[in-house]
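Work through each task with the coordinates open before turning to its solution.

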Amino acid sequence: MAIWHYLSQFCREPRTIGAIAPSSKQLAARMIEPIDFKRARVIVEYGPGCGVFTRHVLERIDRDRTIFFGLELNEKMNRLVMEKTPDAVIYQDSAAAVKKYLRQYGVKHADAIISGLPWASFSESLQDEILSETVSGLKKNGIFTTFAYLHGLVLPSGKRFRQKLLKYFSKVEASPVVWENLPPALVYWCRK
Ligand SMILES: C[S@@+](CC[C@H](N)C(=O)[O-])C[C@H]1O[C@@H](n2cnc3c(N)ncnc32)[C@H](O)[C@@H]1O
């Protein structure tokens, strides 16, 4: 079962997994809410884990017109997401390599990037590396979405991360709190 797989990976690698349970479908809905699926030609997902967000994107895209791929660093999670969502293309690599994969598809920019990455467990330099590659891999006015757990928002690291988003993006909005998630979370909707 995905939850056991998830928990065992969390116990082995808490810093890269960063969450005790997969995200809920309500959080997934907020993550993809600002994406214009009729127009988006390139969508990327960071850290798909067991594929909750991946499935929501796959349900909404026209696969003949839209390029969609994920970047998942953990080998076991990578295998799990490919089992759960065999239709998805997931590469085992870091989100920091996003531009290399965009180039493989012959494109420079994505319309939307959604992230399940555990930012709170990353060093500031890794946060900066991934955010700067993200901004340069996004189209002008492209959308980047990422979530934060409610309890982390009041911590200095949570406040610092929000400030960082404001530094990298021209507009950052927060969704309403998604209480139907363990733990409750909100989504940052960030425009390049
Ligand atoms: C909190 S889980 C999120 C899983 C799923 N998106 C969800 O919300 O249920 C974080 C995922 O990010 C992956 N990850 C961590 N660092 C990464 C990196 N630098 N690049 C890509 N994936 C990474 C982990 O292996 C893990 O699967």
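**Exercise 1.** Which residues does Thr-54 touch, not counting residues up to four places away in sequence?

*Solution.* The model is a predicted one, in which local features need pLDDT of at least 70, side-chain atom pairs count only at pLDDT 80 or more, and totals for chains, interfaces and linings use all residues. Residues are numbered from 1 along each chain as its sequence is written.

Step one is to apply the contact criterion, by which two residues are in contact if their C-beta atoms, placed from the backbone, lie within 7 Å. With residues up to four places away in sequence left out, Thr-54 touches Glu-45, Pro-48, Gly-70, Val-81, Thr-85 and Ala-88. Step two is to look at one of these pairs: Thr-54 and Ala-88 are 34 residues apart along the chain, and their C-alpha atoms are separated by 7.4 Å.

**Exercise 2.** Decide whether Thr-54 is buried or exposed, and find what covers the buried residues of helix 4.

*Solution.* A residue is buried if 20 or more other C-beta atoms lie within 10 Å of its own, exposed if 12 or fewer, and partly exposed in between, with C-beta atoms placed from the backbone. Thr-54 has 27 other C-beta atoms within 10 Å and is therefore buried. Its place is in helix 4, where helices (H or I, at least four residues) and strands (E, at least two) are DSSP runs numbered from the N terminus. The buried residues of this helix are Val-52, Phe-53, Thr-54 and Val-57, and their cover includes helix 3 (25–32), strand 1 (42–46), strand 2 (67–71), helix 5 (75–84) and strand 4 (110–115).

**Exercise 3.** Describe how helix 3 packs on helix 4, and state the orientation.

*Solution.* Two packed helices are described by the angle between their axes and the distance between the axes. Here the axes are lines fitted to C-alpha atoms over the stretch in contact, and angles run from 0 to 180 degrees between N-to-C directions. Helix 3 and helix 4 pack at an angle of about 55°, with their axes 9 Å apart. Angles under 35 degrees count as roughly parallel, over 145 as roughly antiparallel, 65 to 115 as roughly perpendicular and the rest as oblique, and helix 3 and helix 4 are therefore oblique to each other. In the contact, Lys-25, Ala-28, Ala-29, Met-31 and Ile-32 of helix 3 meet Val-52, Phe-53, His-56, Val-57 and Arg-60 of helix 4.

**Exercise 4.** Repeat the analysis for helix 7 and helix 8.

*Solution.* Helix 7 (residues 124–137) and helix 8 (residues 156–168) pack at an angle of about 30°, with their axes 11 Å apart, and they are therefore roughly parallel to each other. In this contact Gln-127, Leu-131 and Val-135 of helix 7 meet Phe-161, Lys-164 and Tyr-168 of helix 8.
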